[in-house]
Amino acid sequence: MRTHTTEMSVLVTPEMSNFGGKMHGGELLKLLDKVAYTAAIRYCGSYVVTLSVDNVLFKEPIAIGELLTLLASVNYTGTSSMEIGIKVISENLETGVVRHTNTSYFTMVAIDAQGKAIPVEKLAVNTEDQQRRWNQAEARRKARKPR
């Protein structure tokens, strides 16, 4: 059975800064896309592409020199798509203060060598937390559908 969670840690370095001296939002988006890709490909075992970014909540700024831990999980599977939920934890390495700084949801699609969508295995929902995430992902999916 393939894994449905991925954890990635990155040190925020000076070249990632914006004009205000904090981490640039675009740099964070790049990391979010990388961890979403990694979680999706680890789950389905096929090449994946980003279909959409449903929500990126920038709760708090991230300082240069902090350690980011990106916690990604496959929350939902469709026919060929997967919703990847990502929680970003920032740690000040000098003070030890840990903060939840960002949350986001990416939809990734498995594709073949010709770029055509291919089926993914349905996510096994075994815990209350997985069921809660599945239900919330399903609600986000329904909200995106045109009426």
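How far apart are the mean positions of the positive and negative charges of the protein? In this predicted model, the mean positions of the 18 positive and 15 negative charges lie 7 Å apart, with Lys and Arg counted as positive and Asp and Glu as negative, His and the chain ends left out, and each charge placed at NZ of Lys, CZ of Arg, CG of Asp or CD of Glu. Local features need pLDDT of at least 70, side-chain atom pairs count only at pLDDT 80 or more, and totals for chains, interfaces and linings use all residues. Residues are numbered from 1 along each chain as its sequence is written, and side-chain values use heavy atoms, without hydrogens and water.

Turning to the fold, two helices and five strands make up the secondary structure (DSSP runs numbered from the N terminus, with H or I of at least four residues for helices and E of at least two for strands). Their order from the N terminus is β-α-β-β-β-β-α. The C-alpha trace spans about 45 × 35 × 35 Å along its principal axes.

Of the 147 residues, 37% are buried (under 20% relative accessible area, 1.4 Å probe, protein chains only).

Key:
Buried means under 20% relative accessible area, exposed over 50%, partly exposed in between (1.4 Å probe, protein chains only).
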